[in-house]
Amino acid sequence: MVYAQYGSDGGIGLGLQNRNILIIDDDEDLSSIISDMLEDYGYHVTWAQDSGQAFELLSENTYHLILLDINLPDGTGFELCSELRRVSTVPVIFASARTSETDRITGFDLGGDDYLPKPYSMKELLARVNALIRRTYGFDQEERVVSFGDVTVNLTSRTVVRKGETISLSLREFDLLAYLCEHRNNAIPKDKLLAEVWGAFSMVESSTLTVHIRWLREKLEDDPAKPQYIKTVYKVGYMLEVQE
């Protein structure tokens, strides 16, 4: 999970780590223009030209927003969104030349968060992306910090300190910890953690999640065998228990 601050112009501060956006559209020229514009405002953009490529990217990466066309060479954006919603709540903006009321309603019924008819201005697209990112992830101007026991997790700088010493975590370990911090005191199902941390269509086994949880406990708990904070929730998954 990556966090960012927003400047007064509504864009993301360029000095901070980017949010990841996936464009799924077979129009290469338009996708290139959109990518350049979004990256100018601090986003990190990846492009997929069809459903197959999109599924591959979604199985290996996590994204904070998806810009999705309806007409794709190997299927429809509706089909892709329907499959995505089985495993992920990542925000989706449909962007399509199909502007009928039926298509718009279908897009929302399948889990789309916004619907932008083509042609559209880059300014309007940016405004909608920024608005959806703000609604979904927040836009705090200050650092986001979660503390429990002798551990302090800085979600903005992606650092972890325990007993005054910086703890080294792998990228995936931190992403997992950050997700637990963001949803602290809530039991998170294992499949939800795998989808959000490893990728919506990842083929990673649940044992991989178990191993990463063990590694986090070994680095952050006084007694990893009897964890005080990173708890196992029977028949559900895991939870970071924090006194608010």
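**Aromatic rings and backbone exceptions**

Let me start with Tyr115, which is buried, at a relative accessible area of 1%. Buried here means under 20% relative accessible area, exposed means over 50%, and partly exposed is in between, using a 1.4 Å probe and protein chains only.

Before going on, some bookkeeping. This is a predicted model, in which local features need pLDDT of at least 70 and side-chain atom pairs count only at pLDDT 80 or more, while totals for chains, interfaces and linings use all residues. Residues are numbered from 1 along each chain as its sequence is written, and side-chain values use heavy atoms, with hydrogens and water left out.

Now the rings. How many aromatic pairs does a search of the whole structure find? The search finds four. To count as a pair, rings of Phe, Tyr or Trp (its six-membered ring) must have their centres within 6.5 Å; planes under 30 degrees apart are stacked, over 60 edge-to-face, and the rest tilted.

One of the pairs is Phe78 with Phe94, which is edge-to-face, with 5.5 Å centre to centre and 65° between the planes. Phe78 sits in helix α3 (residues 77-84) and Phe94 in strand β6 (residues 92-96), so this pair ties together parts 16 residues apart in sequence. Helices (H or I, at least four residues) and strands (E, at least two) are DSSP runs, numbered from the N terminus.

Phe94 also pairs with Tyr115, and that pair is tilted: 6.0 Å centre to centre and 35° between the planes. Because Phe94 is in strand β6 and Tyr115 in strand β7, the pair ties together parts 21 residues apart in sequence. Phe78 and Phe94 are both buried, and for Phe94 the relative accessible area is 0%.

Next, the backbone. Most residues other than glycine have a negative phi, and most peptide bonds are trans. Here are some exceptions.

Which residues does a cis peptide bond join? Lys118 and Pro119, with omega about -5°. Pro119 lies in the loop between β7 (114-117) and α5 (122-137).

Lys163 is not a glycine, yet has a positive phi of about 55°. This lysine lies in the loop between β10 (159-162) and β11 (165-166), and Lys163 is exposed, at 58% relative accessible area.

Asn185, also not a glycine, has a positive phi of about 65°. Asn185 is in the loop between α6 (171-182) and β12 (188-189), and counts as partly exposed at 30% relative accessibility.
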